[in-house]
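Hi,

Here is the structure I promised to pass on.

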Amino acid sequence: MLDAAASRATAEYLYERGWSDGLPVLPATAEVVEDFLRHTDRDPDSVLAELPQVDRQATVRDVALHAAMAGCRPEYLPVVLTAWEALSLERAARGGGWQSTSGPSPLVIVNGPVRHRLDINSAGGVFGPGFRANMTIPRALGLTVRNGFGIIPQELEQATQGVPGRWTQCIGEDEESSPWEPHSAEAGVPAGQDAASVVLVRTSEFLDNRSFHSAEELLADFADTLQRMGPWIFRSGAAVLVMNPAHAHALAEAGMSRQDVRGWLAEHAGHTEAELSQAGKGLRDRPFGPFAPEHFHPALTDAAPATLPIVVAGSPNAAISMVVRTFSTWSGRALPVH
């Protein structure tokens, strides 16, 4: 029988030790961690993640412990481990990303049959609560950063305001509703195989367009959102499009591939030097300037998949997509889950 008082006392003990991210965590006994490790053939003592500037490392066992604390089921562990591997491909995650003033979030994208086995949401409310795997897999990453690397808010972490949902962003791609090949197939893992990729992101912006009459009108709306000056801090940037199935099908039915979409947006999204200067973001004083007022600066670095990954997810009940601002250009690689 559950002893509510003992459970509460355990939760308070873990809070007092500073091991929580602000929400209750579960105790991870040696037996619990061993149960998690039975779901992988990796060496428990092998180093999976590291942060050289603080001289900290995280082993497979460390990550399993934090997955248990985060509320993962043991069978989630292979996805958590692969997510850490994919995250380690990001230069910022091995450098100062976790201590940045932006407070970036890892966005974990899962492909393949594992989505169904683990009940990873790829449809309605894909960025929201209600699905254990979606919430706890990225939380395991966050607890490892906090407890394993010692990156604690207002101490080593220097986020100015932070990102909503910093450690809760995990989505499955709705491959069954997509008109294109899976996102992971573009990133190196054949369709039909379990895969995970991770992009470091800042925040997300709704794109609600239910009244477009052509692919060009819809793309113009995406371009307007991509070129918003607020996030523009470098010469150009990158983003992730999490595209509603209705928007994806409208573009595909117009004969456009993912790469066609990228090419159109790379060509059309941007601002002139004069427009940027009016917002105090002109590039004329940068080392690569000066520029004439009419010079056009593209919002995207280029039309490469790593610059603008496109993932199909969300409910078809409304033509709403998300433009997700990236912290740095994605590595462009997905990794097989094992």
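Predicted model: local features only at pLDDT ≥ 70, side-chain atom pairs only at ≥ 80, totals over all residues.

Residues are numbered from 1 along each chain as its sequence is written, and side-chain values use heavy atoms, with hydrogens and water left out.

Let's start with helix 3 (residues 60-70), where eight of the eleven residues are buried, so this helix is largely enclosed by the rest of the structure. Helices here are DSSP runs of H or I with at least four residues, strands are runs of E with at least two, and both are numbered from the N terminus. Buried means under 20% relative accessible area, exposed means over 50%, and partly exposed is in between (1.4 Å probe, protein chains only). The buried set in helix 3 is Val60, Val63, Ala64, His66, Ala67, Ala68, Met69 and Ala70. These residues pack against helix 2 (30-37), strand 1 (47-51), strand 2 (56-59), helix 4 (77-87) and helix 7, contact meaning heavy atoms within 4.5 Å. Just after helix 3 comes Gly71, with a positive phi of about 100°.

Helix 4 is mostly covered too, with ten of its eleven residues buried; among them are Leu77, Pro78, Trp84 and Leu87.

Not counting residues up to four places away in sequence, Arg139 touches Asp21, Leu23, Pro24, Val25, Met69, Ala70 and Trp167. Ala133, also in helix 7, is buried with a relative accessible area of 1%. Leaving aside neighbours within four places in sequence, the contacts of Ala133 include Tyr76, Leu118, Asp119 and Cys170.

What about disulfides? With the criterion of two cysteine sulfur atoms within 2.5 Å, the count is zero. Cys72 is in no disulfide, and the nearest cysteine sulfur, that of Cys170, is 9.3 Å away. Cys72 is buried at 4% relative accessible area, and Cys170 is buried at 2%.

How do helix 9 and helix 11 cross? The axes of helix 9 (residues 215-226) and helix 11 (residues 258-268) come within 10 Å and cross at roughly 55°. Axes are lines fitted to C-alpha atoms, for helices over the stretch in contact, with angles from 0 to 180 degrees between N-to-C directions. The pair is therefore oblique (under 35 degrees would be roughly parallel, over 145 roughly antiparallel, 65 to 115 roughly perpendicular, and the rest is oblique). Glu216, Leu219, Ala220, Phe222, Ala223 and Leu226 of helix 9 make the contact with Val261, Trp264 and Leu265 of helix 11.

Finally, two loop residues to check by eye. Most residues other than glycine have a negative phi. Asp119, in the loop between helix 6 (114-117) and helix 7, has a positive phi near 60° and is partly exposed, at 49% relative accessible area. Gln154 lies in the loop between helix 7 and strand 4 (170-172); its phi is positive as well, near 65°, and Gln154 counts as exposed at 79% relative accessibility.

Cheers
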